[in-house]
Amino acid sequence: MSSDYDNYNIKRVMAALPHRYPMLLVDRVESIEVDQKIRAVKAVSMNEGFFQGHFPGRPIMPGVLIIEALAQAAGILALESLGIANTNKLVYFMAIDGAKFRMPVEPGCLLYLDVEFVQKRTKVCKFAGKAMLGDSVAAEANFTAMIADPPE
């Protein structure tokens, strides 16, 4: 069954999110169930600047960036579910709870970003997210975000 979300490639991600290199951490969206969940993908490349210092000889994606990638996927889910994609609305972190890091994320990995709504309101949303390497959980967290207008 085809949907409006089947071709959510990098161009569409960039239209939804204000983030740009080096902070854009979602490469494509594999699936969205509006008002429910999203599965997005981050292709982790050795070319990412943070690998130069984290850590020389043992490159590992920083945990805070894994959580940021989950938050960006959640932002797309929120914007699409609230019908405000492409309106320049921003999604700001308010809280992160229960973050756990289960395994290292290394260059060459495809990091799957599975996020679902816990609570959805027009201004504040709560999410549960898991960053997956195949069938294994690399990181997980619950987080809250606020939908706001961009600064003037």
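User: In β4, which residue is the bridge partner of Lys-42?

Analyst: This is a predicted model, in which local features need pLDDT of at least 70 and side-chain atom pairs count only at pLDDT 80 or more, while totals for chains, interfaces and linings use all residues. Residues are numbered from 1 along each chain as its sequence is written, and side-chain values use heavy atoms, with hydrogens and water left out. Strands are DSSP runs of E of at least two residues, helices are runs of H or I of at least four, and both are numbered from the N terminus; two strands pair if DSSP finds at least two bridges between them. Here the bridge partner of Lys-42 in β4 is Leu-111, and β2 (residues 37-43) is joined to β4 (residues 110-120) by 7 bridges, the two strands running antiparallel.

User: In what order do the strands form the open sheet?

Analyst: The order of the 6 strands is β1-β2-β4-β5-β6-β3, with antiparallel pairing, and β1 (28-33) and β3 (90-101) are the edge strands, each pairing on one side only.

User: Which helix lies across β1 to β6, and at what angle does it run to β4?

Analyst: Angles run from 0 to 180 degrees between the N-to-C directions of lines fitted to C-alpha atoms, for helices over the stretch in contact, where contact means heavy atoms within 4.5 Å. Helix α2 (residues 63-81) lies across β1, β2, β3, β4, β5 (124-133) and β6 (136-148), and runs at about 55° to β4.

User: How is the largest pocket lined?

Analyst: Rolling a probe the size of a water molecule over the atoms shows where empty space is left. A pocket is an open set of points on a 1 Å grid over the protein atoms alone, where a 1.4 Å probe fits, with protein on both sides within 12 Å along at least five of seven lines, and lining residues have an atom within 4 Å of a point. In this model 16 residues line the largest pocket, and His-19, Glu-68, Ala-71, Val-91 and Tyr-92 lie nearest its centre; the largest share of the lining, 6 residues, comes from α2.
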